[in-house]
Amino acid sequence: MPFARLATATTPTCHLGLGLAAVARPGYINLNRDEDLGENRTVESLRTRTHELLDAAYAQGVRYFDVARSYGRSEEFLADWLTAHPALDDVVIGSKWGYTYTADWTTDAEQHEVKDHSLPTYERQRAETDHLLGARLDLYQIHSLTPESPALSDKELHARLAEAAEQGLTVGFSTSGPAQADTIRAALAVTVDGEPLFRTVQSTYNALETSAGPALAEAHDAGLTVIVKEGMANGRLAAGQAPDAVRTIAEETGLGADAVALALVLRQPWAGVVLSGAATAAQLASNLHAAVVDLDDDQLSRLAALVEEPRAYWERRGQLPWH
């Protein structure tokens, strides 16, 4: 398990990672992107921004970096950064396959990404990822499994993933949608030659959407590393959008609403790595303060009152426009 490298880390931020979904393509569903990115979203502008974020994250103790085939040029940008820092042998690199980026570097595409969990897509995207990241890739995840995904039952695909695992690649999956818990439990049951296939799970969990929590605890107990994404609910928990309870607790702690939101996730005993999706260096620094936020019982109670019904949460997420 590549995440064993993080076990010896002693920095407060060792359980925080950086995901590049928001900075490696010009359009995404996070709120306030016009303010965060401005109008200059050329390939080179976002490459520079991504590298600056990676530099800042590494300097502040972050050691896990998360990309995907569908995150625009995220693998390319990360590969460039790794090439420029060949001595960095203490980082863990994860990517995902199963979505194809189709927006052609625009913000107004009719469709920004296409989902396909078939074996041919895995083979094509694995080759594309290997071309960019090669031996630096530690973890390859099926992107956004749902209960109806054919990847949960495709034995030929499972065999190919098991072959990759035998060659040293860690195999995982991510989840999305209101039935995340069902997906996680179905994936935990997938075996090849009697052995569990998946070694990591990446799921959405935040102050508004906690439904995957019990299943993630089960995954952790089964030996999987749990990675948490969308801890900021795509910007809904950031300062300008956060519910009053989050903002009040932020004032009480003297830190940002984002730090409070991520601290809630960090305190879950099953959370191995919690992703920051920062788009600016200032956001990253504020996100990383989550490691020192100490929430008391009263504050936790107020945050618990914010939980939404999963279908309502995911319906609202699905309505967020690509900025």
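## Salt bridges

Searching the whole structure turns up 19 salt bridges, where a salt bridge is a side-chain nitrogen of Lys or Arg within 4 Å of a carboxyl oxygen of Asp or Glu. This is a predicted model, in which local features need pLDDT of at least 70, side-chain atom pairs count only at pLDDT 80 or more, and totals for chains, interfaces and linings use all residues. Residues are numbered from 1 along each chain as its sequence is written, and side-chain values use heavy atoms, with hydrogens and water left out.

Let's start with E113 and R25, whose side chains meet in a salt bridge at 3.3 Å, N to O. E113 lies in strand β5 and R25 in the loop between β1 (16–19) and α1 (33–37), so this pair ties together parts that are 88 residues apart in sequence. Helices (H or I, at least four residues) and strands (E, at least two) are DSSP runs, numbered from the N terminus. Is R25 buried or exposed? R25 is buried, with a relative accessible area of 1%; buried means under 20% relative accessible area, exposed over 50%, and partly exposed in between (1.4 Å probe, protein chains only).

## Helix to helix

Next up are R47 and E76, which form a salt bridge through their side chains at 3.0 Å, N to O. R47 sits in helix α2 (residues 43–59) and E76 in helix α3, so to speak two distant parts of the chain, 29 residues apart. R47 is buried too, at a relative accessible area of 13%.

R185 and E218 make another salt bridge, at 2.8 Å, N to O. Here R185 belongs to helix α6 (residues 180–188) and E218 to helix α7 (residues 213–221), so the pair ties together parts that are 33 residues apart in sequence. Both ends are partly exposed: R185 has a relative accessible area of 35%, and E218 comes in at 36%.

## Aromatic pairs

How many aromatic pairs does a search of the whole structure find? The count is 10. Rings of Phe, Tyr and Trp (its six-membered ring) pair if their centres lie within 6.5 Å; planes under 30 degrees apart count as stacked, over 60 as edge-to-face and the rest as tilted. F77 lies in helix α3 and W105 in the loop between β4 and β5, so the pair ties together parts that are 28 residues apart in sequence. F77 is buried, at 0% relative accessibility.

F173 and F198 have ring centres 5.0 Å apart and planes at 65°, so this pair is edge-to-face as well. The pair links distant parts of the chain, 25 residues apart: F173 is in strand β7 (residues 170–175), while F198 is in the loop between β9 (195–196) and β10 (200–204). F173 is buried at 0%, and F198 is buried at 3%. There is also an aromatic cluster made of Y58, F65 and W81.

## Charges over rings

A charge sits over a ring if NZ of Lys or CZ of Arg is within 6 Å of the ring centre and within 35 degrees of the ring normal. R63 lies over the face of Y58, 3.6 Å from the ring centre. R73 does likewise with W105, at 5.9 Å from the ring centre.

W105 has something else to show: its phi is near 60°, a positive value in a residue other than glycine. Its loop runs between β4 (99–101) and β5 (113–115). E230 isn't a glycine either, yet has a positive phi of about 55°. You'll find E230 in the loop between β11 (225–229) and α8 (244–253), and it is buried at 14%.

## The nonpolar core

A nonpolar core is a set of buried Ala, Val, Leu, Ile, Met, Phe, Trp, Tyr and Cys residues joined through side-chain atoms within 4.5 Å. The largest one here has 90 residues, and L18, F65, L78, F173, F198 and L295 touch the most other members. Helix α9 (residues 257–266) gives this core its largest share, 8 residues.
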